[in-house]
Amino acid sequence: YMVGNESIGIGSTALSSSIGDYNVGIGKDSLSNVEGNYNVGIGSGALKSAHGSENVALGRGALQSAQGSSNIGFGFNAGYEATGDRNLVMGEDAGSYANGSYNQLFGYGSGEEMAGNYNIVNGYRSGGYMSGESNIYTGTEAGTSATGGSNIATGSSAGRNMSGYYNILSGDESGSGIVGSHNFAVGLSAGYAASGDGNAMIGENSGYSLTGSYNNMSGCGFQR
């Protein structure tokens, strides 16, 4: 049975075993086992077993088992079992099983099982399984499985499997697999699988598989 005041439940078992005040659940099982206050869940299973306050979930399974407060989740299973505070998650499976706070995740599967804070991720499965702080990843699978912080990667698979800090990558597959910090790569596959610090690689395939630091390269070609 529900324990709390001034709450509204509409739908089978909505708020049925919840603990908290001023909660609103609309949809089957929405907020049925939630613990917290001022939560709003719309959709079957939205915020079903969440622990926290001031969360907003819209969509089936959105923030279903999330742990944290002041999160916003829109979409099927968005933020499902996510842990952290003040995250904005939009898209099917976006941020599911994510761990961190102050993240903004947009797109199907974006930020799935990621760990870190203050990241902005936008695109299909972008930032999935990544770890780090203050990164910006934009594009299909950009920053997937990347580790490090303060990186910017834009383009399909840009910065995928990257490891490092303060890298700027622009172009499809740019900096994919790169290991190092303070690198700058612009162009299709620029800096792909490169290893080193402080390199500037401009142009298609520039710095491809490069090994070394503080190189300046421009134009189309391979550097092996």
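Which residues form a nonpolar patch on the surface? The patch consists of Ile8, Ile10, Ile26, Ile42, Val56, Leu58, Ile72, Phe74 and Met90, with about 670 Å² of accessible area together. This is a predicted model, in which local features need pLDDT of at least 70 and side-chain atom pairs count only at pLDDT 80 or more, while totals for chains, interfaces and linings use all residues. Residues are numbered from 1 along each chain as its sequence is written, and side-chain values use heavy atoms, with hydrogens and water left out.

**Overall architecture**
- The protein has zero helices and 16 strands, strands being DSSP runs of E with at least two residues and helices runs of H or I with at least four.
- Its C-alpha atoms fill a box of roughly 65 × 20 × 15 Å along the principal axes.
- Of the 224 residues, 49% are buried, that is, under 20% relative accessible area with a 1.4 Å probe and protein chains only.
- Among contacts (heavy atoms within 4.5 Å) with a separation of 6 or more, residues 24 or more positions apart account for 0%.

**Around Ala98**
- Ala98, in the loop between strand 6 (88–90) and strand 7 (104–106), counts as buried because its relative accessibility is 10%.
- Beyond its neighbours within four places in sequence, Ala98 is in contact with Glu81, Ala82, Thr83, Gly111, Glu113 and Met114.
- The C-alpha atoms of Ala98 and Gly128, 30 residues apart along the chain, are separated by 8.9 Å.

**Ile8**
- Ile8 lies in strand 1 and, at 47% relative accessible area, is partly exposed, the class between buried and exposed (over 50%).

Definitions and conventions:
Patches are made of residues with over 30% relative accessible area and no salt bridge: like charges are joined within 9 Å, nonpolar side chains (Val, Leu, Ile, Met, Phe, Trp, Tyr) within 5 Å. Accessible areas come from the Shrake-Rupley method with a 1.4 Å probe; for residues, only the protein chains shown count as cover. A salt bridge is a side-chain nitrogen of Lys or Arg within 4 Å of a carboxyl oxygen of Asp or Glu.
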